[in-house]
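Dear colleague,

I am passing on the structure we spoke about, with the sequence alongside. Please have both open while you read the notes that follow.

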Amino acid sequence: MLQTQRLSLWATLGLLVGTSGAAFGQSMSDKAVEAEIEFARGLARDWAFVDMAQSVLDKVAKADLSERMNEELSLVRCEVFTNGARATFDPIQRNELLAKAIEAYEEYIEENKYATNRPNAEGQLIELAITYARSIDIALKDAAGEEADTLRQNKISTLESAISRT
């Protein structure tokens, strides 16, 4: 019952966010953007609602944002996948979300060569690669044959990519 009430509260909040000024391309203050970003983080971190969190971030992105908030928004898109992975108990979904997070961080780093938060993103990417490798190690215990080979190759390529950034 309590979980149903919480879910209803989050859904209501999601509807409120969906009707915010961001949906109409209007300007948003940095504080309003930060509130929306924190809401998206919570959706992913607390509920593993990655798709809903991405939807909130998409609506915020339609607003006229400051350069600092644009950088922050791009980096939070990466964090949402990571938070969702940490919140899920399904090992397959966790590995998929971790792989998406790694890809999102790599894209962010390539597209934002001069961003002030780029070093932070690189550090998070390296930590995430290690987490992904550990998660693959867990999956390898139950895998065999071609599936195990694919997992090992994913682990190696992810770690090599992360090491090349250090």
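Which residues in α5 meet which residues in α6? In this predicted model, the α5 side of the contact consists of R94, N95, L98, A99, A101, I102, Y105, E106, Y108 and I109, and these meet R118, A121, E122, Q124, L125, L128, A129, T131, Y132, S135, I136 and A139 in α6. Sorted by class, the contact between the two helices has 14 nonpolar, four polar and four charged residues.

As for the geometry, the axes of α5 (residues 91-111) and α6 (residues 118-140) come within 9 Å and cross at roughly 155°; since angles over 145 degrees count as roughly antiparallel, α5 and α6 are therefore roughly antiparallel to each other. Their crossing is left-handed.

If residues up to four places away in sequence are not counted, V33 touches M28, V60, L65 and M69.

One detail of the backbone also deserves a mention. A48, which is found in the loop between α2 (30-47) and α3 (50-61), has a positive phi of about 60° although it is not a glycine. For comparison, most residues other than glycine have a negative phi.

Methods: Residues are numbered from 1 along each chain as its sequence is written. This is a predicted model: local features need pLDDT of at least 70, side-chain atom pairs count only at pLDDT 80 or more; totals for chains, interfaces and linings use all residues. Side-chain values use heavy atoms; hydrogens and water are left out. Axes are lines fitted to C-alpha atoms, for helices over the stretch in contact, and angles run from 0 to 180 degrees between N-to-C directions. Helices (H or I, at least four residues) and strands (E, at least two) are DSSP runs, numbered from the N terminus. Angles under 35 degrees count as roughly parallel, over 145 as roughly antiparallel, 65 to 115 as roughly perpendicular and the rest as oblique. A crossing is left-handed if the near helix is turned anticlockwise from the far one by less than a right angle, and right-handed if clockwise. Contact means heavy atoms within 4.5 Å. Ala, Val, Leu, Ile, Met, Phe, Trp, Tyr, Cys and Pro count as nonpolar, Asp, Glu, Lys and Arg as charged, and the others, Gly among them, as polar.
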